[in-house]
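Here is a short walk through a protein structure. Keep the sequence and the 3D view side by side as you read.

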Amino acid sequence: VSYWSCHMSPDATAREAELAAAKGFRIHKLKAFPEDVVQQVDAVTRATAGIEYAIRLDAEGKFRTVAETVKLARQLEPYNIDCFENPVAWRNLSWYTLLRQKVDIPQALHLTDPQVVLNAVQVEAADLFNLSGNVEVFKKAAAIAEIAGCPIWLQTGGLCLGIQTAFSAHLQATLHN
């Protein structure tokens, strides 16, 4: 389970990271924008100094190109980056294959279609997957990722509170990867 925060100023994000770390979270998913992602990550890292605290950067395709993503990855190398989630448009799987060759930060794809998971596995476009959809979709996509040796996490929608969190935890307990 990771902590999640929307895009805010680096100082506000740092305060969120302090709260998350105090509650025991060790992965923080940030909505990442190319113009301030390095400052965001630096602020979170300073706010959580002394503990193992990873940052997952969900760019929702906002890093635009492979070249921009590589440039940002080089600037982020000193930090504990868990992965880039959808740094560029997910429809261009060849870009993800190229990114996996050019940067050390793992590449994650947020997908809802098992066929697209299969396509991504076939071209070695992802290191891990964030899966969404109904139970049937989760299980099919998770099985494909498992065969490929790719870890997954499930995003069951919204803020995943209450019964939805319980559902997600139970579903994830049935999956091996």
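The paragraphs below go from the sheet to its strands, then to charged pairs and a few single residues.

Keep in mind that this is a predicted model. Seven strands build it, and they run in the order 1-2-3-4-5-6-7. The sheet is open, and its pairing is parallel. Strand 1 (3-5) and strand 7 (152-154) stand at the edges. Each has a single partner strand, so one side of each is left without a neighbour in the sheet. From one strand to the next, the twist averages 25°.

Helix 2 (residues 37-47) touches strand 2 (27-31), strand 3 (54-58) and strand 4. The direction of helix 2 makes about 155° with that of strand 3. Helix 5 (residues 114-122) also packs on the sheet, where it touches strand 5 and strand 6 (128-131). The direction of helix 5 makes about 170° with that of strand 6.

Now turn to strand 3. Is it buried or exposed? Five of its five residues are buried, so strand 3 is largely enclosed by the rest of the structure. In a regular strand, side chains alternate between the two faces of the sheet. Both faces of strand 3 are covered. Ala54, Arg56 and Asp58 lie on one side, Ile55 and Leu57 on the other, and all are buried.

Strand 3 has partners to look at in turn. With strand 2 it pairs in the parallel sense over five bridges. Here Ile27 stands opposite Ala54 of strand 3. With strand 4, strand 3 pairs in the parallel sense over four bridges. In that pairing, Asp58 stands opposite Glu85 of strand 4. The chain path between these strands has a handedness. Strand 2, helix 2 and strand 3 make a right-handed β-α-β unit. Strand 3, helix 3 and strand 4 make a right-handed β-α-β unit too.

Strand 4 (residues 81-85) and strand 5 (residues 107-111) pair in the parallel sense over two bridges. Phe84 stands opposite Gln107 in strand 5.

Charged side chains come next. Side chains of opposite charge can pair when their charged atoms come close. How many salt bridges does the structure hold? There are 11. One of them joins the side chains of Lys31 and Glu60, at 2.9 Å from N to O. Lys31 lies in strand 2, while Glu60 lies in the loop between strand 3 and helix 3 (66-76). The pair therefore ties together parts that are 29 residues apart in sequence. Lys31 counts as buried, at 17% relative accessibility. Glu60 counts as partly exposed, at 46%.

Another salt bridge brings together the side chains of Arg56 and Asp82, at 2.7 Å from N to O. This pair also links distant parts of the chain. Arg56 is in strand 3 and Asp82 is in strand 4, 26 residues apart. Arg56 is buried, with a relative accessible area of 8%. Asp82 is partly exposed, with a relative accessible area of 22%. Some salt bridges share partners. They join Lys29, Lys31, Asp58, Glu60, Lys62 and Glu85 into one network.

Next, look at the backbone in two loops. Most residues other than glycine have a negative phi. Arg64 has a positive phi of about 65°, although it is not a glycine. Arg64 lies in the loop between strand 3 and helix 3. Its side chain meets that of Glu68 in a salt bridge of 3.2 Å, N to O. Asn86 has a positive phi as well, of about 45°, and is not a glycine either. Asn86 sits in the loop between strand 4 and helix 4 (93-102). At 9% relative accessibility, Asn86 counts as buried, because the cut-off for buried is under 20%.

Finish at Ser168, in helix 7 (residues 163-173). Ser168 is buried, with a relative accessible area of 6%. A polar contact of 2.6 Å joins its side chain to that of Gln172. Which residues does Ser168 touch, not counting those up to four places away in sequence? They are Leu154 and Thr156.

Note on methods:
Residues numbered from 1 in each chain as written. Predicted model: local features only at pLDDT ≥ 70, side-chain atom pairs only at ≥ 80, totals over all residues. Heavy atoms only, no water. Buried < 20%, exposed > 50% of the residue type's maximum accessible area, 1.4 Å probe, protein only. Polar contact = N/O pair within 3.5 Å; in protein donor to acceptor, adjacent residues only side chain to side chain. Contact = heavy atoms within 4.5 Å. Pairing = 2+ DSSP bridges. Axes fitted to C-alpha atoms, helices over the stretch in contact; angles between N-to-C directions. Salt bridge = Lys/Arg side-chain N within 4 Å of Asp/Glu carboxyl O. Right-handed = clockwise from strand over helix to strand, strands pointing away.
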